Amino acid sequence: MSRDPHSPVPARSEPPSTPSAGLPSEAPLLSVHAAVVFLAAVIIGLIMGGLMFFHEKSVPVAVATGLVAAGGSVPVLHKLIG
């Protein structure tokens with residue numbers, strides 16, 4: 001079928017995109033590897049702190065245990081996940 005020569009040309013529904021439309025303008029703050037390591041360390045710290053709180057019924061002991069567990073797990077997770 002041929003197009004009628006007197007019919008209007010269909011309008012473009014979306015504007016032309018620039019080449020850098022989908023690219024971020026800045027580098028991310030953390031890499032995916034660092035985010036996964038820190039997230040896993042926080043989860044480990046929360047679990048250890050919660051378990052210590054159920055055992056000792058002391059908030060300062062639970063917080064200290066959670067911080068030590070999270071801090072100690074960061075280098076280990078970095079080696080394991082990396």
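1. Helix α1 is followed by K57, whose phi is positive, near 60°. Helices here are DSSP runs of H or I with at least four residues, strands are runs of E with at least two, and both are numbered from the N terminus. K57 is found in the loop between α1 and α2. The residue is not a glycine, yet its phi has a positive value. Most residues other than glycine have a negative phi. K57 counts as exposed, at 59% relative accessibility. Buried means under 20% relative accessible area, exposed means over 50%, and partly exposed lies in between, with a 1.4 Å probe and protein chains only.

2. On sources: this is a predicted model, in which local features need pLDDT of at least 70 and side-chain atom pairs count only at pLDDT 80 or more, while totals for chains, interfaces and linings use all residues. Residues are numbered from 1 along each chain as its sequence is written, and side-chain values use heavy atoms, with hydrogens and water left out.

3. The protein chain as a whole. Its secondary structure comes to two helices and zero strands. Of the 82 residues in the chain, 15% are buried. The accessible surface comes to about 7,000 Å², and 71% of that belongs to carbon and sulfur atoms. Accessible areas come from the Shrake-Rupley method with a 1.4 Å probe, and for residues only the protein chains shown count as cover. Among contacts between residues at least 6 apart in sequence, 59% join residues at least 24 apart; contact means heavy atoms within 4.5 Å.

4. Helix α1. This helix has 25 residues and reaches 36 Å from its first C-alpha to its last, close to the 36 Å expected at 1.5 Å a residue. The expected span is 1.5 Å times one less than the number of residues. A34, V37, A41, G45 and G49 are buried in α1. An α-helix has 3.6 residues a turn, so residues three or four places apart point the same way. The buried residues of α1 pack against α2.

5. Helix α2. Residues 59-81 form this helix of 23 residues, which reaches 31 Å between its first and last C-alpha, close to the 33 Å expected. α2 bends by about 35° at V74, and the proline P75 follows within four residues. The bend at a residue is the angle between axes fitted to the seven residues ending there and the seven starting there. A62, T65, G66, A69, A70, S73 and L77 are the buried residues of α2. What covers them includes α1 (32-56).

6. V42 is found in α1 and counts as partly exposed, at 48% relative accessibility. G72, found in α2, counts as partly exposed at 42% relative accessibility. G72 and G45 are 27 residues apart in sequence and 9.3 Å apart in space, C-alpha to C-alpha.

7. A nonpolar patch. L39, I43, I44, I47, M48 and L51 make a nonpolar surface patch of about 530 Å². Patches are made of residues with over 30% relative accessible area and no salt bridge; like charges are joined within 9 Å, and nonpolar side chains (Val, Leu, Ile, Met, Phe, Trp, Tyr) within 5 Å. A salt bridge is a side-chain nitrogen of Lys or Arg within 4 Å of a carboxyl oxygen of Asp or Glu. One of the patch residues, I43, is found in α1 and is partly exposed, with a relative accessible area of 43%.

8. The segment after α2. G82 is found here and is exposed, with a relative accessible area of 76%. Not counting residues up to four places away in sequence, G82 touches H33 and L77. G82 and A34 are 48 residues apart in sequence, and 9.3 Å apart in space, C-alpha to C-alpha.
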